[in-house]
Amino acid sequence: MSNLKLCQGTMCHTYHTQDRVKGPKENKTNQTRRRSSFYYGNGNFCSLNCQNDWFNDFGDKAIDHFGRLTEPKHLTEENAWEKRQRHYSWQRENGEPRYFFYNGVTKEQRPLTEQQYDDSNYTLNTGE
Ligand SMILES: [Zn+2]
């Protein structure tokens with residue numbers, strides 16, 4: 001029981017499904033879903049509905065807390081690096097590396113090791 005996560009949806013317990021009905025026979029209630037894992041919202045919600053409910057209730061506060069964008073971001077040479085990989089051998093003619101950085105502004109490519117590809121902290125981007 002302790003390994004189960006609760007759906008963070010603020011209205012989860014109000015949706016009528018058989019799997020939400022829990023408790024002793026004479027005192028069953030509709031309850032928030034509990035599961036070992038969820039698919040939505042980074043593993044916090046049992047459904048898109050529940051994710052949307054949470055966002056409707058708390059989204060504005062969360063955005064204000066972590067910083068609301070007040071000006072548009074710009075894609076520049078400095079922040080346009082993205083990791084890509086070639087999945088098929090026909091994409092790797094002429095010995096091209098499987099993993100590489102691709103700059104969405106300059107179109108430049110730079111080879112990457114698999115370790116660098118998997119390292120989510122590794123980036124060439126220097127600006128936001
Ligand atoms: Zn839910």
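Is Q85 buried, exposed or partly exposed? Q85 is partly exposed, with a relative accessible area of 22%; buried means under 20%, exposed over 50%, and partly exposed in between, with a 1.4 Å probe and protein chains only. This is a predicted model, where local features need pLDDT of at least 70, side-chain atom pairs count only at pLDDT 80 or more, and totals for chains, interfaces and linings use all residues. Residues are numbered from 1 along each chain as its sequence is written, and side-chain values use heavy atoms, leaving out hydrogens and water.

**Strands**
- Q85 lies in strand β5 (residues 81-85); strands are DSSP runs of E with at least two residues, and helices are runs of H or I with at least four, numbered from the N terminus.
- Between Q85 and Y102 there are 9.7 Å in space, C-alpha to C-alpha, and the two are 17 residues apart in sequence.
- Strand β6 (residues 99-103) holds N103, which is buried at a relative accessible area of 2%.
- A polar atom of the N103 side chain lies 2.9 Å from the backbone oxygen of E77.

**Loops**
- K25 sits in the loop between β2 (21-22) and β3 (29-30) and is exposed, with a relative accessible area of 77%.
- Y39 belongs to the loop between β4 (34-35) and α1 (48-66), and counts as exposed at 76% relative accessibility.

Conventions. A polar contact is a pair of N or O atoms within 3.5 Å; within protein, one must be able to donate a hydrogen and the other to accept it, and residues adjacent in sequence count only if both atoms are side-chain atoms.
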